[in-house]
Amino acid sequence: MDAADLLAEHRTRLTAYVRKRLRDSEQADDIVQETFVRVVEQERKQRIEQPLAYAFRVADSILFARARKGVAQTEPLDAELACTLPLPEEVLEYRQRLERFEAKLADLPPLRREVFVKRHLDGKSRAEIAEELGLSLEAVKKHLVRAMIDLAECGDLDGVEGSVSHG
């Protein structure tokens with residue numbers, strides 16, 4: 001059994017673990033999805049002896065990173081000297097990532113793309129998507145996980161999703 005199948009089999013257990021530490025079911029599902037993506041990506045690079053145990057560690061890491069991001073950023077010593085504009089290299093890298101993301105998004109199977117767009121670009125809940133498309137909640141989750149795995153090949157997607165044009 002590969003890592004993705006094993007994780008899918010234990011999704012409920014992993015979700016309960018994350019919810020216990022977070023107490024936000026919508027965010028918990030997102031963290032579990034991100035965990036799945038990271039474990040599957042790592043499994044592609046090298047065999048993971050204990051994928052489920054590794055998934056719990058990855059989930060903890062994601063929770064810690066999100067908590068750390070929530071901590072207020074410190075201000076520079078002289079706020080008037082700080083420039084808030086991105087560096088030219090950052091703009092170029094962002095544009096390249098966005099192009100890769102849009103190309104990969106366009107290559108997704110139509111239903112998978114529609115589910116992803118409705119969730120991550122339109123901000124709809126999984127339940128709303130399931131109802132709109134006549135799918136089960138589990139089918140929506142499966143499409144989202146597979147889309148995230150496919151799109152993860154584009155690199156770091158933080159900040160890219162919200163600016164993608166779709167029509």
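View 1. Out of 33 residues in the largest nonpolar core, the ones touching the most other members are Leu-14, Val-18, Val-39, Leu-105 and Phe-116. A nonpolar core here is a set of buried Ala, Val, Leu, Ile, Met, Phe, Trp, Tyr and Cys residues joined through side-chain atoms within 4.5 Å. Buried means under 20% relative accessible area, exposed over 50%, and partly exposed in between (1.4 Å probe, protein chains only). Two or more residues each come from helices H1 (3-9), H2 (11-22), H3 (25-45), H4 (51-70), H5 (88-107), H6 (110-121) and H8. Another core, of five residues, lies apart from this one, with Val-115, Ile-129, Ala-130 and Val-140 among them. This is a predicted model, where local features need pLDDT of at least 70 and side-chain atom pairs count only at pLDDT 80 or more, while totals for chains, interfaces and linings use all residues. Numbering runs from 1 along each chain as its sequence is written, and side-chain values use heavy atoms, with hydrogens and water left out.

View 2. Skipping neighbours within four places in sequence, Leu-14 is in contact (heavy atoms within 4.5 Å) with Val-32, Thr-35, Phe-36, Ala-55, Phe-56 and Ala-59. On the same terms, Thr-15 is in contact with Asp-29 and Val-32. Leu-14 and Ala-59 are 45 residues apart in sequence, yet 8.3 Å apart in space, C-alpha to C-alpha.

**View 3. Helix H6 against helix H8.** The H6 and H8 axes come within 9 Å and cross at roughly 95°. Axes are lines fitted to C-alpha atoms, for helices over the stretch in contact, and angles run from 0 to 180 degrees between N-to-C directions. So H6 is roughly perpendicular to H8, on a scale where under 35 degrees is roughly parallel, over 145 roughly antiparallel, 65 to 115 roughly perpendicular and the rest oblique. On the H6 side, the contact uses Leu-111, Arg-112, Val-115, Phe-116, Arg-119 and His-120; H8 brings Val-140, His-143, Leu-144, Arg-146, Ala-147, Met-148, Asp-150 and Leu-151. These split into eight nonpolar, two polar and four charged.

**View 4. Helix H7 against helix H8.** H7 (residues 126-133) packs on H8 (residues 137-152) at about 110°, with the axes 9 Å apart. That makes H7 roughly perpendicular to H8. Arg-126, Ala-127, Ile-129 and Ala-130 of H7 meet Leu-137, Val-140, Lys-141 and Leu-144 of H8. The tally for this contact is six nonpolar, no polar and two charged.

**View 5. The whole chain and its confidence.** The chain has eight helices and zero strands, with helices (H or I, at least four residues) and strands (E, at least two) taken as DSSP runs numbered from the N terminus. Mean pLDDT (the predictor's confidence in each residue, from 0 to 100) is 79, and 78% of the residues score at least 70. Among the elements, H1 has the lowest mean (78) and H7 the highest (95). Residues 71-77 fall below 50, with one contact beyond near neighbours in sequence. Residues 158-167 are also below 50, but that stretch has 24 such contacts in the model.

Conventions: Nonpolar A, V, L, I, M, F, W, Y, C, P; charged D, E, K, R; others polar.
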